[in-house]
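Welcome! Please take a moment to look over the sequence and the 3D view before reading on.

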Amino acid sequence: MATQYSTQAWHWQHGSTPANLTLQQLEIPALEADQVLVENAYIGLNPVDWKVLETPEALGATTDMVPGLDGAGTIVAVGDHVDSSLVGRRVAYHTSLGSKIGSFSQLTPVDARATIAVPDELGLDVAAGLPCTALTAWNALDKLPKRKGAKLLIAGAGGGVGRYLVQIAAANGYNVTTLSHPRHWQRLKQHGASTTLESLREGEQWQGDRDYYAAVDAVSPENARALTDALGANGHIVTILGRLPDWPSAPFGRCISMHEVALGALHVHGSDADWQRLSAAGQQLLNDISAQRIEPEPLVIDEFANLPVHLEALKNRDFSGKALIKV
């Protein structure tokens with residue numbers, strides 16, 4: 001007979017703010033055949049975690065759930081189709097917005113293919129802060145046909161996703177220009193940016209070079225639309241926070257390619273091969289962090305009992321750095 005597990009978890013049933021989360025003791029349903037059960041050591045908080053409370057339907061979530069996408073810990077049980085030797089493995093993961101029990105829990109059921117092995121020399125705190133931000137950055141750049149030396153424009157470079165975008169792009173040989181607040185410029189140059197510019201103001205049009213191979217926008221659809229003026233012939237625009245409101249050029253004009261990025265697409269439509277690529281990318285990113293080839297975000301850690309308060313502080317931008325919860 002399968003072992004029954006229960007967990008302390010932050011449950012959400014109604015309301016639209018982190019204050020509506022309630023700490024409850026919940027029973028873990030029997031694992032599906034391809035799932036593992038992770039005992040979380042740390043939970044990674046992301047902006048989508050508070051956004052889903054405001055507009056769950058728009059993000060593919062429901063009420064009566066335990067939110068949370070990112071976490072890191074140890075596998076304590078496996079489903080029938082999962083190799084039992086994985087019990088005891090340290091992993092990070094990114095789970096689905098549609099999961100009934102997400103990462104805001106002591107124990108989280110996760111699809112085995114969505115886990116990333118954590119190197120022995122790397123802390124689970126650092127690992128928990130990686131999936132959503134770093135894998136989104138990797139996925140955004142993976143949309144582009146690789147072209148070493150090409151001019152790449154990154155907007156929102158001062159944020160969590162931007163931090164990884166710049167470092168991964170520079171490591172892949174792109175000539176990186178960033179748009180951010182000036183307070184980030186010194187760090188961005190250390191991370192590989194060749195040119196640092198100030199962010200566009202709301203409604204401002206692009207006034208710079210118009211020969212960029214690609215632009216990656218982590219600000220807004222409107223900001224991304226303005227950046228399309230920076231692209232040369234056959235250029236690419238990659239949007240992370242929403243899609244472009246319209247096609248940015250006349251038919252058979254500059255022939256721009258548009259791309260959108262959302263990790264949730266894999267949870268609904270991804271094949272095993274898709275997940276193997278993403279997991280391998282996550283493993284390489286963790287190895288690069290461990291070897292100090294990539295610098296992660298500074299960690300801002302609070303206790304499990306304070307999760308709603310820490311999530312609200314993240315929403316209000318009361319601190320700078322990666323928000324984590326120690327379980």
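This is a predicted model: local features need pLDDT of at least 70, side-chain atom pairs count only at pLDDT 80 or more; totals for chains, interfaces and linings use all residues.

Residues are numbered from 1 along each chain as its sequence is written, and side-chain values use heavy atoms, with hydrogens and water left out.

**Aromatic rings**

- Rings of Phe, Tyr and Trp (its six-membered ring) pair if their centres lie within 6.5 Å; planes under 30 degrees apart are stacked, over 60 edge-to-face, and the rest tilted.
- The count by this rule is 2 aromatic pairs.
- W206 and Y212 make an edge-to-face pair, with 6.1 Å from centre to centre and 80° between the planes.
- W206 counts as buried because its relative accessibility is 4%, and Y212 is buried at 5% (buried is under 20% relative accessible area, exposed over 50%, partly exposed in between, with a 1.4 Å probe and protein chains only).

**Helix α4**

- Helices (H or I, at least four residues) and strands (E, at least two) are DSSP runs, numbered from the N terminus.
- Helix α4 covers residues 160-171, and 10 of its 12 residues are buried.
- Among the buried residues of α4 are Y164, L165 and I168.
- The buried residues of α4 pack against several elements, including β8 (151-155) and β11 (212-217), where contact means heavy atoms within 4.5 Å.
- After α4 comes G173, which has a positive phi near 90°.

Conventions
The expected span of a helix is 1.5 Å times one less than its number of residues.
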